[in-house]
Amino acid sequence: MPYVPEHDEVPNPLRSGLRAESPPDPCAIVVFGASGDLAHRKLLPALYNLALGAHLPAAFGIVGVSKSPYTHQEYADSMREAVGKFSRNKPVDPEVWRDFGAGLRYVPGSLDDDDTFRRLAAQLEEVDHTRATRGNRIFYFATPPSTFPTLLRKLQEHRFIRPPLDPRFTRVVIEKPFGRDLASARALNRLVLEVMDEKQVFRIDHYLGKETVQNLLVLRFGNTIFEPIWNRQYVDHVQITAAEELGVEGRGRYYEEAGILRDMIQNHVLQLVCLTAMEAPVAFDADAVRDEKIKVLRAICGIDTPEAVARRVVLGQYAAGQIGAADVPGYQAEKNVAKDSRTPTFVALKLAINSWRWDGVPFYLRSGKRLPKRTTEIAIQFQRLPHSLFGEGASAPNVLVIRVQPEEGIALRFSAKVPGERYRPRTVSMDFRYGTAFAAASPEAYERLLLDALKGDQTLFTRKDEVEAAWKLVGGILQVTGSSESAPPSSYQAGTWGPREADALLASDGRAWRRS
Amino acid sequence: MTLGEPIAAGQGSRGELSIRFGESFDLGKVQKLLQESRELAGSAGETVSTLNLVAIYFSQAAYERAQPALETAARVHPCRMIVLVAEPKVEPPAASARVAAVRAAGTVAVERIVFLAQGRAVRHLESAMTGLLLPELPRVVVWGGRPEGALFQHAMELGDRIVIDSGTRPLASLRAVAQLLARGAPIGDLAWARIFPWQGVAAELLDVPSLREHRGRLQSARVVCAGDVGAEGALLGGWFASRVKGAKIDLAIGPAPEVDSPVPGGGDGMPGEAPMAAAPVGRGNVVEFQFATPSVAFTLRRARSILTAEVKGDDDGEIVNRVRLPPDTPGRLLSIELKLLSGRDELYAESAQMAARLLAERWTSS
């Protein structure tokens with residue numbers, strides 16, 4: 001029977017007033033795709049770092065599942081090597097690893113084979129017994145999206161998913177991309193909710209695990225000075241840039257299917273838009289925060305007609321060029337990419353948010369591969385001075401820049417008097433850098449998100465309605481740009497900030513992209 | 001060397017700049033030295049500080065031992081750190097200052113100013129420190145001496161919070177602390193932070209659904225300390241007594257400690273930082289905590305870095321939980337205490353008062 005707290009239950013006398021954060025409950029985490037890149041580079045190093053910081057319960061085990069024919073020991077050895085290579089804390093601490101490694105298990109097998117799941121069940125029982133994990137489970141889907149439906153069905157058929165009120169919790173973490181359009185996202189959501197409750201689903205977008213993204217909420221709602229000016233009366237426009245130097249890096253097959261809109265805009269960039277534009281939540285809890293984010297997505301004016309796309313969207317595809325003093329090939333010359341590919345690797349968007357706060361304030365988004373440098377930032381550009389007392393130098397508008405990566409921080413651009421007799425203003429930048437201010441190393445995004453999943457906190461995970469609203473917006477653009485009548489993406493030289501049309505998008509509004 | 005001029009061509013150990021005075025300090029020169037120190041460290045001049053961390057010691061040796069812990073905490077909580085080292089009984093009177101811009105993660109994380117005074121020069125320490133406090137920011141005082149006397153009282157008035165480590169002091173001083181807490185003193189204690197994992201695991205046991213029925217039936221607890229009863233054992237017992245009214249508390253002495261000092265490194269003040277591994281069990285450290293209802297016994301045991309919890313006597317059989325103890329370094333504990341920048345921890349205040357009562361009963365009965 002599921003545990004239901006009784007109204008007259010005696011409060012825990014030892015819980016009240018404690019300052020120490022409760023560690024997560026004992027738990028076994030099952031990683032599907034355990035021999036893959038994500039598990040090696042991110043998940044296992046993140047879990048090890050949590051163990052190193054004493055954030056994991058000692059009653060903890062990890063069961064890897066994938067096709068590779070490892071033994072338990074071979075898997076543990078392979079993971080130790082991966083942690084040694086990819087962890088932010090090196091070298092591996094032998095004492096911490098001794099206990100952490102002792103909790104590693106491996107189940108080889110195909111994800112569509114019932115026998116794999118029977119052996120997994122037996123393995124989890126063993127882990128419960130030897131590691132005291134109490135039947136609590138997290139299933140992490142670090143596998144290609146095409147496997148998600150099969151995995152969900154198998155977990156259901158083999159009764160791994162317990163009811164949400166069962167004292168032994170079951171949670172499922174699903175990696176992006178969650179669907180490839182609105183219809184597939186809805187279908188996947190329907191399946192997910194047939195199998196479990198929304199409270200048990202953790203749709204991960206690792207951008208939300210980044211410190212600066214979380215700090216955006218603190219900056220906005222933990223200070224009094226920003227909110228009064230965070231609106232159409234003071235803000236001229238907002239620019240969000242998510243640029244990468246890298247190309248498709250051997251993932252041509254995936255990228256041909258995805259393109260920049262699915263890869264970056266539908267998830268990461270729209271999440272940044274939500275956090276920038278949302279109203280203050282009534283509380284800092286998962287549903288209150290996500291309620292406000294979904295309102296932003298719903299308020300964004302749809303871009304689903306050829307006219308709207310022509311006015312608000314610029315797509316590009318990189319051609320050969322130079323980055324970092326090295327020649328790089330064009331997109332169509334990449335491995336597993338069609339020679340006549342029309343897949344966009346760059347997008348510039350102009351969004352309108354129909355709300356009291358943002359009416360008339362455009363949000364310009366741009367994201368692309370093979371741009372001059374890796375940078376993700378949100379720039380709030382304030383309105384110009386109505387009248388400049390001090391001449392030309394003072395007329396540059398104030399800009400508040402939130403740097404998500406690299407060099408996470410916040411910069412405010414304002415005018416200051418140049419020392420001397422005359423009032424000669426110059427624009428200066430007041431810079432707050434996370435690495436400088438708080439020298440303690442920030443956790444990796446996956447560390448924060450895995451810890452939240454262990455604690456059952458969904459605040460930094462996307463909800464069903466968020467995913468669908470984001471797909472609705474992006475799906476509208478994809479429908480128009482994917483039609484055979486639409487123009488192909490404009491070409492841009494690798495190492496530049498995208499096609500000229502992207503500059504024209506802002507120039508037609510009398511604005512220009514920031515020099516990031 | 002002329003008084004008021006930098007010592008040893010301006011640079012001492014660890015990039016410190018030093019200056020020697022007569023019997024009082026010249027703050028203008030100290031500030032100039034601080035600016036030089038920033039430039040030496042490559043700072044552009046802007047700083048981010050979240051608090052003024054004032055640390056007070058009564059010997060240079062005590063400060064030297066505490067320095068790594070202070071810097072560890074300061075890296076987590078960027079601050080201006082002002083250290084006062086007062087040696088009133090050392091003659092002749094002398095005053096000197098050492099300043100450093102401490103680099104971490106490639107940039108300046110802490111501005112550290114150490115004032116050393118001997119003999120009569122001690123009387124100038126307070127005004128020197130006051131002149132360098134950053135305005136508006138909270139002031140937290142780390143007190144490296146006995147938690148008593150007029151100076152301690154004065155330090156409490158100065159700070160929004162005062163942090164001690166009763167684990168490094170004679171157990172009797174916990175009674176004095178309890179009296180101050182009863183009067184509302186904003187005291188924090190590293191010995192208290194040291195028992196957070198024990199409290200967390202104990203509370204967690206009573207959150208287990210099948211064990212919640214025992215919440216209202218708790219009646220006794222037993223705290224076993226290594227070699228001798230220590231402050232953290234007394235505080236753990238006091239905490240339980242403050243949560244479970246009328247519970248019988250037994251403070252017991254268990255096996256010999258792995259090291260003889262109460263905290264790794266030993267001595268008064270705060271010792272050096274240990275590596276990430278958990279510290280060995282020191283004298284007075286808690287090694288076992290048991291609490292019980294008439295039918296069920298909950299036992300928490302420490303074995304090196306793992307805290308194991310067992311439940312015996314319940315219909316559901318034995319439940320075991322294991323929690324890895326975080327590294328027990330003073331710097332980490334101080335970082336935890338610095339999360340609370342003003343006011344006091346009410347739970348600590350209640351627990352310390354209960355602990356003092358338990359110790360009084362224990363001494364009376366023995």
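B:N52 sits in strand β2 (residues 51-57) of chain B, where strands are DSSP runs of E with at least two residues, helices are runs of H or I with at least four, and both are numbered from the N terminus. This is a predicted model, in which local features need pLDDT of at least 70, side-chain atom pairs count only at pLDDT 80 or more, and totals for chains, interfaces and linings use all residues. Residues are numbered from 1 along each chain as its sequence is written, while chains are lettered from A and ligands numbered from 1 in the order in which they are written.

Is B:N52 buried or exposed? B:N52 is buried because 23 other C-beta atoms lie within 10 Å; the cut-offs are 20 or more for buried, 12 or fewer for exposed, and partly exposed in between, with C-beta atoms placed from the backbone. Leaving aside residues up to four places away in sequence, B:N52 touches B:C79, B:R80, B:I82, B:L133, B:L134, B:L137 and B:R139. A contact here means that the C-beta atoms of two residues, placed from the backbone, lie within 7 Å. B:P197, in turn, is 145 residues from B:N52 in sequence and 28 Å from B:N52 in space, C-alpha to C-alpha.

Let us move to chain A and its domains. The domain assignment gives domain 1 (27-205) and domain 2 (209-443 + 462-507), with bounds that come from an automatic or database domain assignment. Their C-alpha centres lie 32 Å apart, and 15 residues of domain 1 are in contact with 16 residues of domain 2. On the domain 1 side, helix α6 (residues 182-195) gives the most, with four residues. That side has four nonpolar, three polar and eight charged residues, where Ala, Val, Leu, Ile, Met, Phe, Trp, Tyr, Cys and Pro count as nonpolar, Asp, Glu, Lys and Arg as charged, and the others, Gly among them, as polar.

Now for the helices α8 (residues 252-277) and α9 (residues 286-299) of chain A: their axes come within 9 Å and cross at roughly 110°. Axes are lines fitted to C-alpha atoms, for helices over the stretch in contact, and angles run from 0 to 180 degrees between N-to-C directions. α8(A) and α9(A) are therefore roughly perpendicular to each other, a label for angles of 65 to 115 degrees, with under 35 counted as roughly parallel, over 145 as roughly antiparallel and the rest as oblique. A:L270, A:V273, A:C274 and A:A277 in α8(A) meet A:K293, A:V296 and A:L297 in α9(A). The residues of this contact divide into six nonpolar, no polar and one charged.

Finally, some backbone details. Most residues other than glycine have a negative phi, and most peptide bonds are trans. A:R370, in the loop between β12 (363-368) and β13 (375-382) of chain A, has a positive phi of about 55° and is buried, with 29 other C-beta atoms within 10 Å. A:R159 has a phi near 55°, but A:R159 is exposed, with 9 other C-beta atoms within 10 Å. A cis peptide bond joins A:K90 and A:P91, with omega about -5°.
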